[in-house]
Amino acid sequence: MTKPMVAFRNVDKTFGSYKALDAVSLDVMPGEVLCLIGASGSGKTTLLRSVNQLHPIDEGAIWLDGELLGKRQEGQHLHLLTDREIARQRLATGMVFQRFNLFPHMTALENITEGPVQVQRRRAAEVRDEAMALLERVGLSDKAGNFPSELSGGQQQRVAIARALAMKPKLMLFDEPTSALDPELVGEVLSVMKGLASSGMTMMVVTHELGFAREVADTVVYMDAGRIVEYGPPDQVLSHPREERTKAFISKVIA
């Protein structure tokens, strides 16, 4: 039986007195596109950030491709990993944020090559060829020499996707990647994400774009108050939700 690419088991996370994640258990299979939907504050982004350990969890466990995240088990005891060990685990994921976070003093090409050369210590010439291929993949081969200030928001986000892919991650994480874009630029980013999904990349996507979730997702998860309320294929969750909270949320978003 195929093992999950990501496995969450009874994951809790609190910020002060606020419980952001409450006993979340979930599997993401290799090649699966899982879309997380829900109102702001429902726990979607916290769950996403727990995978690359930007928000270390308080209770429970997360495995990525069979490796326990953040801890090392020795016999019956668990030991926290060092910052260096966590940084190594983090390389297995590529994350694309709401804001593009490109280095403003570097060209599009330099933004993409920086990580593989500096972090992975790979040969610059090899990385450059791969980066140009990634720019071609996201439709920006003619923008290699442009700085972020010379690119539209949609173009910057596509460079950010290429930059994440350059590290050859096992899993791509998208945190509302179109929410900061003007409406006319959303489609070009979603198109790149659709192509990525069709290539077999495992993806977890926090999104309010229900049309994208309906078309591309294998699984849709609706979260509320830090818990998974409903989980299933897009047609079931988005068109025929079983839970009243899911129905109420979808009616508001569509309206």
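**Entry 1: H5 and H6**

I looked up the pair H5 and helix H6 (residues 183-198) in this predicted model. Their axes come within 8 Å and cross at roughly 20 degrees. I took axes as lines fitted to C-alpha atoms, for helices over the stretch in contact, with angles running from 0 to 180 degrees between N-to-C directions. Helices (H or I, at least four residues) are DSSP runs, numbered from the N terminus. H5 is therefore roughly parallel to H6; angles under 35 degrees count as such, over 145 as roughly antiparallel, 65 to 115 as roughly perpendicular and the rest as oblique.

I then listed the contact, meaning heavy atoms within 4.5 Å. From H5, Gly153, Gly154, Gln155, Gln157, Arg158, Ile161 and Leu165 take part, and they meet Leu185, Glu188, Val189, Val192, Met193 and Leu196 of H6. By class I found 7 nonpolar, 4 polar and 2 charged residues; Ala, Val, Leu, Ile, Met, Phe, Trp, Tyr, Cys and Pro count as nonpolar, Asp, Glu, Lys and Arg as charged, and the others, Gly among them, as polar.

**Entry 2: H3 and H5**

I turned to helix H3 (residues 108-118) and helix H5 (residues 153-165), whose axes come within 8 Å and cross at roughly 25 degrees. H3 is therefore roughly parallel to H5, and the crossing is right-handed. Ala108, Asn111 and Ile112 of H3 make the contact with Val159, Ala162 and Arg163 of H5. I recorded 4 nonpolar, 1 polar and 1 charged residues there.

**Entry 3: H3 and H4**

For H3 and helix H4 (residues 124-137), I found axes that come within 9 Å and cross at roughly 130 degrees. The two helices are therefore oblique to each other, and their crossing is right-handed. On the H3 side I listed Ala108, Leu109, Ile112, Thr113, Pro116 and Val117; on the H4 side, Ala124, Val127, Arg128, Ala131, Met132, Leu134 and Leu135. This contact has 11 nonpolar, 1 polar and 1 charged residues.

**Entry 4: charges over rings**

I looked for charges over rings (NZ of Lys or CZ of Arg within 6 Å of the ring centre and within 35 degrees of the ring normal). Lysine 13 lies over the face of phenylalanine 15, at 5.1 Å from the ring centre.

**Entry 5: basis**

Residues are numbered from 1 along each chain as its sequence is written, and side-chain values use heavy atoms, with hydrogens and water left out. Local features need pLDDT of at least 70 and side-chain atom pairs count only at pLDDT 80 or more, while totals for chains, interfaces and linings use all residues.

How values were computed:
Left-handed = near helix turned anticlockwise from the far one by under 90°.
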